[in-house]
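Open the structure in your viewer and take this short tour with me. We will go from one selection to the next, with a look at what is there each time.

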Amino acid sequence: MTAAVRAASLSVEGLTYTIQGKKLLDNVSLRAGQGELVGVIGPNGAGKSTLLRALAGVIEPSDGDCYLEGRRFVEMPARERARAIALVPQVAPMAHGFTCLELVLMGRYPHMGRFQIEGASDEDIARQAMRLTDTEQFAERTIETLSGGERQRVFIARALAQQPRVLLLDEPTSNLDILHQLRVLGLIREWASNGATAIAAVHDLNMAARHCDFLILLSNGKVISEGMPEDVLTAENVSGAYGVESVIYRDPHTDALALSLIGPSAGFPHRNRVKAP
Amino acid sequence: MLRVAGIPAWGTYRRSGVLTRLAIGAVTLALAILLIVLISLSVGPVSIPVRSVASTLIGFVGIDVSDVSRTHELVIQQIRLPRIIVGAAVGMGLGVAGATMQGLFRNPLADPGIIGVSAGGALGAVIAIATGAAGLFFMALPLAAFSGAMIATLVVYGISTVSGHFSMATLLLAGIAVNAFLGAIVSAIVILLPDNGALREILFWLAGGLDSRAWEHVLMSLLPIIGGIGIAMVMARDLNLLILGDDEARSLGVNVVPVRLLLLAVGAMVTGVAVAVSGTIAFVGLVTPHVLRLLLGPDNRVLIPMSALGGAVFVILADTVARTVIQPAELRVGILTAFVGAPFFILLLIQNRGRGYSL
C-alpha cells in the first residue's frame, strides 16, 4: 500500500485535548485509510488512549476536528457515528450481571430502531463475532466469571458485532496469551484487509512492527514520528521516546522488523531509580 | 450476580430472549396482581366474599350481574379500590425509580429512600403543606415533592461524582448526610409550626402509609407515574449502556448527559409523586428490582417494566397484610416493607463484600 492510494476514512487535524491544564494531546494530525491497520505506539502517558477516545467520539477535543469519511464528527448524530466506529476499551468495564452474549449483542444497539429488539440475524452476527474471538463458549456466562484476557476478547467480539467501518482498539492484546495475541492481531489485520480501517494502541513494539501497516509514535501528546514501521522504529526514535537503547533488525524467522531491548538509555531522565537498601 | 439462598434455580429464565422474559414476567406478575387485588378487596373489617368482589368489579365495566349488597359495593368502590390503586401506583413508581437509579448509579444498593431522594420529596411536600401552597391547585403537592426530590437527586449525584468518577462509598455517605439534613429541617418545621390544621396534616402524612387514600389521590398519582415509567422504558436500552460506563455508552451512540439528566428527572418525578400521596415507604425501590434481576436478568428493557409490576405486587401485598394482621387496628404499610426490606439490605451488603462495589 502506497501513500498515494490512501483514501482517508478517518482523519484528525490539529487535535488538542487539554484537561485540568494538562495537554494530553498536542496538535495531533493523522489519516487512516481503508484496508489499513495503523498502530499507535509510545510510552505510558504519551496520549495513546486519549487519542483513541477522541477518535471514537467519546471525548470532545479542546481544539481540532475529527472526520469520518470527510464529515466532521460534530455534524453526525451519535448513533450514526456508533454504526461506523467501534472502540475496544483497554480495561473491560464491570457489567453487573449481563451475560457475554448480552454484552456482545449491545454492539447491535446502534443498528436497531429505538423500539426494536435484537432478532435472529443480530444474534447470528453476535455469535459469529464470538466465534472469531474464541469466546462463544462463554455466551451464557456473566463477564465477572471470566479472566482478564477472556473479557478482553468478549469486548473485541462486541466491537466486531458492531460491524464498524473503523475499529479502534486500546491495547487489545495486553492481557492475552501468546496464541490469542497472534489470533486477535491476525483477526484485526483481516478485518482491515476486508475494507475496514483499524487503529490500535500497541505496547509490544515487536507485535506493532509485525502486524501494522503504519505506525504513529506519540510522546507527551505529540506525534514525534509516523510512517512505515521501518521508518518509525529506529534506535534513535525508541531511545528518544522511551529512553531505551535497542537494536533493530529484520527477524529471519518471521521476516518482520524486530527489536532487542538492551537497557535504559544513559542520561535519560528516569524518575524512579531503585536505591539499594 | 447476587445469590440469595433458594432462588438461583429460578434464574434459568434469564437466559431466554428479551421478549420471552417480558412475556413470562408480565403474565406471572399480572396474575399475581389480580389474585392479590381480589384478596385485598375482600378482606378487612367488613369481610366481603370474593364472589361479590368479582361481581362488583364486573359491574364497574357495565355488565350488571349485581347480587351484591350496596354496603359491600360502597366499601369496595370508595375505600378499598382507590387505596389499592394508589398502592399500585406508589409501588410501580418506587420499583421503577429503584431500577433506574441502580442503573444510573451503577450500583445495586441505590434506592430512592437510601440516597435521600424520598427525603427531598418529603421536605418539598412538608414545605408545601406548611405554607399552604399545597392547596393552591390540584397538583401543587406532587409538584412540590417532585421539586424537592429533584434537588436532592442533583445534590447527591453531584457529591458522589465530585472527584470526577463515581464513588459508591461517597454515594451512600452522601445519602446518609442528605437524609439527616433534610430530616432535621422537617423536624424544625414541625416544631416551629403553630398547632393548626397544617401541623396535623403534616404529622398524619409524615407517618407514611395508604390509609384513607381516595380517588383524588389516584388522580394525582397514576398518570404522572405511568408517564414516568413510559419514559424510563423508552430509555431502557440507553440505561443498559450507561451501566457499563460513560465511554461505553458514548461509543455505542448514547448522548450521555441529556439521557442521564432525563432519567434522573424521571426517578425524582415518580419518587416525588409517590411520596406526595403516601409519605415515604422504604425499601420497595431496593428490594423489587433486586429480586427481579435474579429471576429475569439485568437487561433494563425487561427489568424496568417488571419492576413496575413487581413494586405494585409488593406494596399492595404489604398494605393488605398491614391493615389486616392486627385487626381491628392497622399497621402502616411502611412498617411491613421495612420489616422485609431492611434485613434484605443487610444481606446484600454482606454478599457484596469483595465484589467491587462494597464499601
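This is a predicted model: local features need pLDDT of at least 70, side-chain atom pairs count only at pLDDT 80 or more; totals for chains, interfaces and linings use all residues.

**Stop 1: where the chains touch.** Show chain A and chain B together. The contact draws on 35 residues of chain A and 27 residues of chain B. About 2700 Å² is buried between them, and carbon and sulfur atoms give 56% of that area. Now select His96(A), Tyr109(A) and Arg114(A): in chain A they lose the most area to chain B, together 24% of what that side buries.

**Stop 2: a bridge between chains.** Side chains of opposite charge can pair when their charged atoms come close. Five salt bridges are counted between chain A and chain B. Select Arg53(A) and Asp247(B), a salt-bridge pair whose closest N and O atoms are 2.7 Å apart.

**Stop 3: inside chain A.** Pick Asp26(A) and Lys222(A), which form a salt bridge at 3.4 Å between the closest N and O atoms. Asp26(A) belongs to strand S2 and Lys222(A) to strand S10, so the pair ties together parts 196 residues apart in sequence. Is Asp26(A) buried or exposed? With 18% relative accessibility, Asp26(A) counts as buried, while Lys222(A), at 43%, counts as partly exposed.

Stop 4: Next, select Arg165(A) and Glu69(A), joined by a salt bridge with the closest N and O atoms 2.8 Å apart. Finish with Glu136(A) and Arg127(A), whose side chains meet in a salt bridge at 3.4 Å, N to O.

How values were computed. Residues are numbered from 1 along each chain as its sequence is written. Chains are lettered from A and ligands numbered from 1 in the order in which they are written. Side-chain values use heavy atoms; hydrogens and water are left out. Contact means heavy atoms within 4.5 Å. Buried area is the accessible area (1.4 Å probe) that two parts lose on being put together, summed over both. A salt bridge is a side-chain nitrogen of Lys or Arg within 4 Å of a carboxyl oxygen of Asp or Glu. Helices (H or I, at least four residues) and strands (E, at least two) are DSSP runs, numbered from the N terminus. Buried means under 20% relative accessible area, exposed over 50%, partly exposed in between (1.4 Å probe, protein chains only).
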